[in-house]
Amino acid sequence: MGPVNTRTILASRDMSWFRDGPSLSTSARGAAAALARRVGLDTHRAAEVGLAVTEAATNIQRHATDGALLLRTLHTDDEAAVEFVTVDSGPGMVDVSAALADGASSTGTLGIGLGAVARLADHFDVHSVPGKGTVMAAQFWSRQADEEGVTPARAAGSQRVSGLTRPISGEMTCGDAWSARLDDVTAGGTGPDRPAVLVMVCDGLGHGPLAARASAAAVEAFHSTTATDPEGVMRAIHRALRGTRGGAAAVARIDPAAGRVQYCGIGNISGFLVDHASRKALLSVPGIVGANMRRLRTFEETLPEGGALTMHSDGLTERWDHTALSGLLHHSPLVIAGQLLREAGVRRDDASVVVVKGVW
């Protein structure tokens with residue numbers, strides 16, 4: 001895979017999960033309309049968002065097993081969008097292309113079909129495995145072009161880092177968090193056109209607001225520190241988590257010019273480098289960030305050709321096999337993250353998973 005210009009890492013906010021049930025379509029559509037207005041989409045674009053979300057939610061209600069829909073906003077420095085993700089546990093689509101064809105609509109939906117949803121979205125991706133389940137993702141930006149005639153859909157299409165968090169059943173607040181940022185100026189030739197990417201996952205101890213407070217402190221420290229090496233970033237997070245419950249955390253640095261990833265983790269955060277045929281574990285050491293953090297160790301590995309970096313909390317088991325999900329690595333980081341959450345997520349714990357793909 002050749003180098004790409006990843007100038008923007010999109011930040012996500014205002015996240016809400018909606019479980020399958022009689023009110024799913026109504027609740028999701030109302031929340032989508034509210035988010036669209038909040039980020040400044042015009043009336044017509046907001047209506048398109050609502051239509052697409054309703055079609056996706058109704059499809060879950062009619063045909064999916066154990067389905068859920070996530071709504072959230074995405075932000076660059078000067079633009080914002082609405083994004084939704086659907087995740088279900090089956091039955092899956094035998095022929096995705098046919099489901100996206102014009103005129104194909106699931107019985108009981110609004111009748112616009114998934115193909116129309118794909119056309120309404122600025123960025124759309126779906127991956128389905130018969131007998132396992134489907135993950136679908138869509139982003140909706142303003143359709144107003146800039147002075148060069150380029151719409152923000154370009155930003156959506158260039159996203160190379162994305163992830164998901166989901167709270168433990170019964171909680172509204174997730175104690176896990178992830179974040180990513182760029183480092184433009186580094187040794188070895190990396191620069192503005194090939195920036196290194198730093199990624200962090202934190203699992204605050206326990207659940208609920210106090211765990212979320214710890215993970216939020218980790219995110220703030222991750223972005224405010226001037227350190228760009230994983231150990232330096234971890235020390236900044238450790239200092240920030242003092243006075244909180246503490247947690248498990250890991251920081252990875254993907255350097256496309258050097259063809260390597262550096263990884264430093266404390267506690268139960270799992271990191272893997274995956275390619276189309278295998279996965280390689282990245283090691284963490286025992287301890288609690290913010291309380292009992294032992295001597296840090298950074299491990300270095302070669303980036304796999306055409307592969308991805310995945311990191312997740314212990315809200316996902318490690319018993320997932322991406323090679324059983326045909327073609328998964330050809331999809332967006334968000335859809336990959338959704339399939340891993342569907343495959344390995346546990347309801348008795350907060351969960352977070354982040355995927356980095358296509359930066360090298």
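Biologist: Which element gives the most to the lining of the largest cavity?

Modeller: The model is predicted, and a search of the whole structure finds 3 cavities of 30 Å³ or more, the largest with a volume of about 90 Å³. Two or more residues of the lining of the largest cavity come from each of β4, β5 and α8 (333–344). With 3 residues, the element that gives the most to this lining is β5.

Biologist: Which residues that line the largest cavity are the closest to its centre?

Modeller: By class, the lining of the largest cavity has 5 nonpolar, 5 polar and 2 charged residues. Of the 12 residues that line the largest cavity, those closest to its centre are His123, Gln139, Gln159, Ser332 and Leu334.

Biologist: Is strand β4 largely enclosed by the rest of the structure or left open, and how many of its residues are buried?

Modeller: A residue counts as buried when its relative accessible area is under 20%. Strand β4 covers residues 123–129 and is largely enclosed by the rest of the structure, because the number of its 7 residues that are buried is 6.

Biologist: Which residue of β5 is the bridge partner of Phe124?

Modeller: Strand β4 runs antiparallel to β5 (residues 133–140), and 7 bridges join the two. In the hairpin of β4 and β5, 3 residues lie between the strands, and Gly131 takes a positive phi near 85°. Within β5, the bridge partner of Phe124 is Ala138.

Biologist: What is the order of the strands in the open sheet whose edge strands are β1 and β4?

Modeller: The pairing in this open sheet of 5 strands is antiparallel, and each of the edge strands, β1 and β4, pairs on one side only. From one strand to the next the twist averages 10°. The strand order is β1-β2-β3-β5-β4.

Biologist: Which element provides the largest share of the lining of the largest pocket?

Modeller: The largest pocket holds about 840 Å³ of space, and the elements that give two or more residues to its lining are β1 (11–19), β2 (68–75), β6 (161–166), β7 (176–183) and α6 (208–224). The largest share of this lining, 8 residues, comes from β1.

Biologist: Which residues of the lining lie nearest the centre of the largest pocket?

Modeller: By class, the lining of the largest pocket has 17 nonpolar, 9 polar and 7 charged residues. Of the 33 residues that line the largest pocket, those nearest its centre are Met15, Thr165, Arg166, Pro167 and Cys174.

Biologist: Which residue in β8 does Asp183 stand opposite?

Modeller: An open sheet of 5 strands has the order β7-β8-β9-β10-β15 with antiparallel pairing, its edge strands are β7 and β15 (299–302), and its twist averages 15° from one strand to the next. Strand β7 runs antiparallel to β8 (residues 196–204), and 8 bridges join them. In β8, the residue opposite Asp183 is Ala196.

Biologist: At what angle does helix α7 run to β9?

Modeller: Helix α7 covers residues 230–241 and lies across β7, β8, β9 (247–255) and β10 (260–266). The angle at which helix α7 runs to β9 is about 155°.

Biologist: What percentage of the residues of the protein chain count as buried?

Modeller: The protein chain has 8 helices and 17 strands. Of its contacts with a separation of 6 or more, 70% are between residues 24 or more positions apart. Of the 360 residues of the protein chain, the share that count as buried is 57%.

Definitions and conventions. Residues numbered from 1 in each chain as written. Predicted model: local features only at pLDDT ≥ 70, side-chain atom pairs only at ≥ 80, totals over all residues. Heavy atoms only, no water. Buried < 20%, exposed > 50% of the residue type's maximum accessible area, 1.4 Å probe, protein only. Helix = DSSP H or I, 4+ residues; strand = E, 2+ residues; numbered from the N terminus. Pairing = 2+ DSSP bridges. 1 Å grid on protein atoms, 1.4 Å probe; cavity = no way out; pocket = protein on both sides within 12 Å on 5 of 7 lines; lining within 4 Å. Points joined across faces, edges and corners; volume = space filled by probe spheres on them. Nonpolar A, V, L, I, M, F, W, Y, C, P; charged D, E, K, R; others polar. Axes fitted to C-alpha atoms, helices over the stretch in contact; angles between N-to-C directions. Contact = heavy atoms within 4.5 Å.
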